[in-house]
Amino acid sequence: MITVIDYKAGNLTSVLKTLRYLGAEPVVTDGDLSLVESAERIVLPGVGHFAATEKLDATGLTSAIRAAIARDVPFLGICVGMQWLYAGSTEAPQQPGLGAFSESCSRFAECTEKVPHVGWNSLEVREGSRLLAGVEPGEFVYFTHSYKGPVTADTAAVTQYIEPFAAAVERGNVMGVQFHPEKSGETGLKILRNFLAWQAKGAGC
Amino acid sequence: MLTKRIIACLDVHAGRVVKGVQFVDLIDAGDPATQAARHAREGADEIVLLDITATHEGRQTLLDTVRRTARELFVPFCVGGGIKSARDAEQVFEAGADKVSINSAALADPDLISAIGSSFGAQAVVVAIDARRDPAAADPVREAQVFVHGGRKPAGRRVVEWAREAEERGAGEILLTSMDADGTRAGFDCELTAAVSEAVGIPVIASGGAGTVAHFADVFGRGQAHAALAASIFHFGVSTSRSLKEELAKAGVPVRLPC
């Protein structure tokens, strides 16, 4: 069972539709913790403001997700869902993230380029990424965001806009993508297929 | 590298793609879902579906069309035409749109921009502006006027000011149509597009006047557009996103080439 978390930040339709197209049967929860406890995979979508993740704390979903990740349940955060994996974001400094990655997200530096970063940009995929396996140089994905995570050892792909930032992050069973795989054509479908096929390392089949 | 977007626009009337000059002499140009999928396959970076019926009885037909079109479309999908309230927008999002484009309703009630943005995010709100240069003004471009009702009626606002206000109220992108250039196939209004792009911090999509590949290169360069809308140039197989983008790449414009 794949559980999609709804924290009332934007629209889940595209993510659900795409997961169904790929043969998954997603269930949605905005507070039923049993759907997180029994999940085989978890997706946390999200557009809009980082402050909206406060709902995850208020409903107990944060603790349930933390426990699921500790059980090696594959987890994918998309856009704000990826940013939530960090310690926090300057977009809502009072609101902590999950802290799976110790750094924080910040806004693109002021300059002549437009912020938000909207459109199709390329990925420099780092060797060893399982989530982005099969993504070739010259493939593009769709971004729409004003905040981003820093490039660190856990970065699975780097994208350049104003400065290099983490387009994807991956450590063990915890993954995040700053772009929208559900809106990124065949490349996005390939990435979501990788996630749906993900088996925890060492887990028997 | 961030690429320039080519957006395919489908005008839809009563559930069918139509094509006509200035909404007159409509020709049937196919099924929206089939056309959208074809454009995405050929490399369009985004699809805009513009409902030109926008009558009350047409709403249900539109929602059905959006649902059918979204089902197997995996690029950003924007829907415009007849969205007058946050509830209208919500229905379109639930049917599978990623963005809505609002035009006269935003002029009539500017709070609509933030009302939609606060629930669905700024990235989901595109404010469409129909613009005409003001030939009587000292600076016809910077004092260009906003028009409504298909470009027939002045809204009493200046384009640059309204674009700035839309941004402040939480629009994620501006879709700027030059009514002077629209339908001419003589090129985008690059001066006007540049004036708006310089005035706002959000991306500007240029629309109206596309006739050749050079017109696109021009609006991405001189016009400072982040994306450009193409409608008639794509119909009836005249030109595809793929061939357009291949030509743009040769001209040095960064574009996403389809796999």
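**View 1. A:Thr90 and the residues it touches.** Leaving out residues up to four places away in sequence, A:Thr90 touches A:Ser104, A:Cys105, A:Ser106 and A:Arg107. This view, like the others below, comes from a predicted model. A:Thr90 sits in the loop between β5 (88-89) and β6 (104-107) of chain A. Is A:Thr90 buried or exposed? A:Thr90 counts as exposed, because it has 11 C-beta neighbours inside 10 Å. For a sense of distance, look for A:His180: it lies 90 residues from A:Thr90 along the chain, and the two C-alpha atoms are separated by 21 Å.

**View 2. The buried side of helix α4 of chain A.** Helix α4 of chain A spans residues 61-70, and its buried residues are A:Leu61, A:Ala64, A:Ile65 and A:Ala68. These residues cover an arc of only 100° around the axis, which puts them on the same side of α4(A). An α-helix has 3.6 residues a turn, so residues three or four places apart point the same way. What lies over this side? The cover of the buried residues of α4(A) includes β1 (2-5), α2 (34-37), β3 (41-44) and α3 (54-58) of chain A.

View 3. Follow the chain out of α4(A) and you come to A:Asp72, whose phi is positive. The value is near 75°, in a residue other than glycine. Most residues other than glycine have a negative phi. A:Asp72 belongs to the loop between α4 and β4 (75-78) of chain A. It is partly exposed, because 15 other C-beta atoms lie within 10 Å.

**View 4. A cis peptide bond in chain A.** Here the bond to find is the one from A:Val115 to A:Pro116, which is cis, with omega near 15°. Most peptide bonds are trans. Where is A:Pro116? A:Pro116 lies in the loop between β6 and β7 (117-122) of chain A.

**View 5. Where chain A meets chain B.** This view takes in both chains. The contact takes 29 residues from chain A and 28 residues from chain B. On the side of chain B that touches chain A, 13 residues are nonpolar, seven are polar and eight are charged.

**View 6. B:Ala14 in a loop of chain B.** B:Ala14 is found between β1 (5-13) and β2 (16-21) of chain B, in the loop that joins them. Although B:Ala14 is not a glycine, it has a positive phi of about 50°. B:Ala14 counts as partly exposed, because it has 15 C-beta neighbours inside 10 Å.

**View 7. Helix α5 of chain B and its buried face.** Which residues are buried in helix α5 (residues 111-120) of chain B? They are B:Leu112, B:Ile113, B:Ile116, B:Gly117 and B:Phe120. Seen down the axis of α5(B), these buried residues fall within an arc of 125°, so they line one face of the helix. They pack against α3 (86-94), β6 (99-102), α4 (104-108), β7 (125-132) and α6 of chain B. Just after α5(B) comes B:Gly121, with a positive phi of about 90°.

**View 8. Helices α6 and α7 of chain B.** Helix α6 (residues 159-168) and helix α7 (residues 190-199) of chain B cross at roughly 35°, and their axes come within 9 Å. The crossing of α6(B) and α7(B) is right-handed. From α6(B), B:Val159, B:Val160, B:Ala163 and B:Arg164 meet B:Ala195, B:Val196 and B:Ala199 of α7(B). By class, this contact has six nonpolar, no polar and one charged residues.

**View 9. B:Trp162 in helix α6 of chain B.** B:Trp162 lies in helix α6 of chain B. It counts as buried, because it has 22 C-beta neighbours inside 10 Å. Setting aside its neighbours within four places in sequence, B:Trp162 is in contact with B:Ile129, B:Val146 and B:Arg157. B:Val127 is 35 residues from B:Trp162 in sequence, while their C-alpha atoms are 9.7 Å apart in space.

**View 10. Helices α8 and α9 of chain B.** Helix α8 (residues 213-221) and helix α9 (residues 241-250) of chain B pack at an angle of about 60°, with their axes 10 Å apart. The two helices are therefore oblique to each other. Their crossing is right-handed. The contact is made by B:Val213, B:Phe216 and B:Ala217 of α8(B) and B:Leu244, B:Glu247 and B:Leu248 of α9(B). By class, the contact has five nonpolar, no polar and one charged residues.

Notes
Residues are numbered from 1 along each chain as its sequence is written. Chains are lettered from A and ligands numbered from 1 in the order in which they are written. This is a predicted model: local features need pLDDT of at least 70, side-chain atom pairs count only at pLDDT 80 or more; totals for chains, interfaces and linings use all residues. A residue is buried if 20 or more other C-beta atoms lie within 10 Å of its own, exposed if 12 or fewer, and partly exposed in between; C-beta atoms are placed from the backbone. Helices (H or I, at least four residues) and strands (E, at least two) are DSSP runs, numbered from the N terminus. The arc is that of the directions from the helix axis to the C-beta atoms. Two residues are in contact if their C-beta atoms, placed from the backbone, lie within 7 Å. Ala, Val, Leu, Ile, Met, Phe, Trp, Tyr, Cys and Pro count as nonpolar, Asp, Glu, Lys and Arg as charged, and the others, Gly among them, as polar. Axes are lines fitted to C-alpha atoms, for helices over the stretch in contact, and angles run from 0 to 180 degrees between N-to-C directions. Angles under 35 degrees count as roughly parallel, over 145 as roughly antiparallel, 65 to 115 as roughly perpendicular and the rest as oblique. A crossing is left-handed if the near helix is turned anticlockwise from the far one by less than a right angle, and right-handed if clockwise.
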